[in-house]
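Here is a guided walk through one structure. Please keep the sequence and the 3D view at hand as you read.

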Amino acid sequence: MLTVEQIITELHANDILFPHREALEQAILQQDAITPALLDIIENVAKAPHSVNDTPAFIYALCLLAQFREKKAYPLIVKYFGGIGLEYQALDSLGYVATECLSHIFASVCRGDVSLLKELIENKAVNEYVRVAALESLVILYNIDQLSREELIAYFRVLINRCLEQTENPFIVTSLVWNCCDIHPEELYDLLITCFDQELVDEDEVDKDYLEFHMEGNKEELLADLKKDANYHLITDVIAEMESWAYFNPLFSGDFEYDRDVKVDNNTPCPCGSGKKYKKCCLH
């Protein structure tokens, strides 16, 4: 059996492929013993965000603490992601975390406390991808019955009204439309139509037809499908989660090409072959 120190050393190895199955298995078996060390990794990076480039274990620590449902990690993770800056390049060191599982991480460590997530969502000084991940984490919490529909709809209504009253990043408005469609948009339909009418939504990414399609769909069937969608659940198996990332796939070179004139639905599998939804992978 590996010691905690040996596990951390292994997770700090900076390899492109996915080499750390044994270390992760040992970490899971020794959850209580290794949790303080994982929290230290997150806290140190949160204090000095640029150190993430020299801390390969940071990504593993995020995912392990998410599987552990470690609430002490919640404010530390929010602090880091809330302070990385607005530039897209701020996410470069994080591999597929920001695009594939940050929303899962947020939902897994918050333990139903959405206060810090709302702060991220509403703060225009926070990276737009982080804000969107926090927004999507609320849908995850709703989907697993940790957030009521009434509370989620009420909060979405507040956000949409703010978007209508003041300038907001179109990416955020567009994400609001997506998330409302994912849970069936009936209560918010009129407000969403107003967002389109005021040209607040990037219709190259989601158009009014997309909204109408979900509005006309059967609500019970849509929500039943959401329950089965792995994109809207907590992290339960960090090894399976990370192995599925195209980043760790030796067959994925990162330079795939496809016909960008062909419309790819946001909820269909991404053309890159990652297995994720297009809207949760290479759309951006």
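This is a predicted model: local features need pLDDT of at least 70, side-chain atom pairs count only at pLDDT 80 or more; totals for chains, interfaces and linings use all residues.

Begin with Glu168, which forms a salt bridge with Arg131. Their closest N and O atoms are 2.9 Å apart. The pair links distant parts of the chain. Glu168 sits in the loop between helix H9 (149-165) and helix H10 (170-182), while Arg131 belongs to helix H8.

Now turn to Lys219 and Glu186, whose side chains meet in a salt bridge at 2.6 Å, N to O. Lys219 lies in helix H13 (residues 219-228) and Glu186 in the loop between H10 and helix H11 (189-197), so this pair ties together parts 33 residues apart in sequence. Lys219 is partly exposed, with a relative accessible area of 21%. Glu186 is partly exposed too, at 35%.

Stay in helix H13 for another pair. Lys228 and Asp225 form a salt bridge, 3.8 Å from N to O. They are three residues apart in the helix, so about one helical turn separates them. An α-helix has 3.6 residues a turn, so residues three or four places apart point the same way. Lys228 is exposed, with a relative accessible area of 66%. Asp225 counts as partly exposed at 46%. The structure holds nine salt bridges, these pairs among them.

Finally, look at helix H5 (residues 73-82). How many of its ten residues are buried? Seven are, and the helix is mostly covered. They are Ala73, Tyr74, Leu76, Ile77, Val78, Tyr80 and Phe81. Their cover includes helices H3 (31-47), H4 (57-67), H6 (97-110), H7 (115-122) and H8 (128-143).

Key: Residues are numbered from 1 along each chain as its sequence is written. Side-chain values use heavy atoms; hydrogens and water are left out. Buried means under 20% relative accessible area, exposed over 50%, partly exposed in between (1.4 Å probe, protein chains only). Helices (H or I, at least four residues) and strands (E, at least two) are DSSP runs, numbered from the N terminus. Contact means heavy atoms within 4.5 Å. A salt bridge is a side-chain nitrogen of Lys or Arg within 4 Å of a carboxyl oxygen of Asp or Glu.
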